Amino acid sequence: MLSIIISSYQPHYYQALEKNIAETIGIPYEVIKVDNPGKMGICEAYNHGASMAQYDYLLFLHEDVLFNTQNWGQELITVLEIENCGVLGIAGSNYYGYIPSSWWHKGFDKINIIQYDKKKKQTLPITRKNFNTNNSLEKVKVLDGVFLACKSKIYRQFPFDERLRGYHGYDILFSLKISKLYQNYITDKILITHYSFGNLSKEWLNAILKVRKIWSPSPDQHFDKNIERENFYLLINFLTRFEYTKKETLKIILQYLNPSILGYINCIKVIFRIRFLFKKITF
């Protein structure tokens with residue numbers, strides 16, 4: 001009934017997850033393990049795993065998680081059977097804008113997950129963040145890659161884009177493409193514990209920039225000028241933090257400094273922020 005595809009490179013996580021799935025899923029399933037100690041990007045790994053799937057429902061899953069919910073498999077199938085359902089996840093946002101960014105936006109991100117902090121050796125519950133009170137499902141546009149479920153026929157329409165060769169941005173592009181034809185969701189009926197934080201790096205930002213080159217917003221999409229301004233500030237800070245050259249930074253900034261999206265006042269604010277940061281860049 002459900003094919004679970006896992007790109008694996010950490011045996012201790014995979015073994016614990018394999019046992020946990022058997023104890024909690026509650027429906028017929030198969031696990032397709034793609035051994036991937038840096039041999040291929042995650043898009044290639046997931047496409048390879050999906051090519052071997054025998055069931056009509058697919059779950060692309062990180063290996064550093066454990067399920068807290070019993071019989072979660074049936075809940076997954078129930079949601080995927082909703083008319084026009086695209087991708088189901090456990091973290092995402094109902095806004096993805098013009099400026100290259102990750103999926104989270106203050107006030108728009110919706111998350112149902114327990115995050116484990118290795119340094120503090122404790123869990124950080126962020127379950128049902130920004131869910132409406134009586135909703136068990138929230139409509140979203142873009143999803144986090146820790147848990148991505150869909151029907152196989154939808155995956156075949158929108159396989160993972162192998163132009164992204166690393167391990168970042170694949171989830172954003174996958175869910176955004178599907179959101180143009182289908183409705184994506186996150187649920188509070190499936191709870192997992194996640195045992196690692198994401199890694200923000202220059203490779204991550206390069207992937208985010210590439211996603212934005214591949215994906216273009218719909219012509220009729222509404223943009224929130226304040227969110228776009230804050231995302232621009234974040235973009236400038238990341239370009240500085242990851243030591244892009246002045247030439248590279250300026251090229252990227254000019255590409256997205258658009259008054260019709262940001263508004264003229266916000267464009268002026270962004271320009272002043274750029275001038276301030278450029279004085280600090282010495283490379």
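Rings of Phe, Tyr and Trp (the six-membered ring of the latter) are taken to pair if their centres lie within 6.5 Å; planes under 30 degrees apart count as stacked, over 60 as edge-to-face and the rest as tilted. The model is predicted, and local features need pLDDT of at least 70, side-chain atom pairs count only at pLDDT 80 or more, and totals for chains, interfaces and linings use all residues. Side-chain values use heavy atoms, with hydrogens and water left out, and residues are numbered from 1 along each chain as its sequence is written.

By the ring criterion there are 19 aromatic pairs. The ring centres of Tyr 46 and Phe 160 are 5.2 Å apart and the planes stand at 50 degrees, so this pair is tilted. Tyr 46 belongs to helix H2 (residues 42–50), whereas Phe 160 lies in the loop between helix H4 (152–157) and helix H5 (170–179), so the contact ties together parts 114 residues apart in sequence. Helices (H or I, at least four residues) and strands (E, at least two) are DSSP runs, numbered from the N terminus. Phe 160 also pairs with Phe 60; with centres 4.8 Å apart and planes at 80 degrees, this pair is edge-to-face. Phe 60 is in strand S3 (residues 57–61), 100 residues from Phe 160. Phe 60 is buried at 0% relative accessible area and Phe 160 is buried at 3% (buried, under 20%; exposed, over 50%; partly exposed, in between; 1.4 Å probe, protein chains only). Ring pairs join Tyr 46, Phe 60, Tyr 155, Phe 160, Tyr 170 and Phe 174 into a cluster.

Nine salt bridges are present, each defined as a side-chain nitrogen of Lys or Arg within 4 Å of a carboxyl oxygen of Asp or Glu. One of them joins Lys 129 to Asp 109, with the closest N and O atoms 3.1 Å apart. Lys 129 is in the loop between strand S9 (122–125) and strand S10 (137–140), and Asp 109 is in strand S7 (residues 109–111). Lys 129 is partly exposed at 35% relative accessibility, while Asp 109 is buried at 6%. Strand S7 also contributes Lys 110, which meets Glu 138 of strand S10, so parts 28 residues apart in sequence are tied together; the N to O distance is 3.6 Å.
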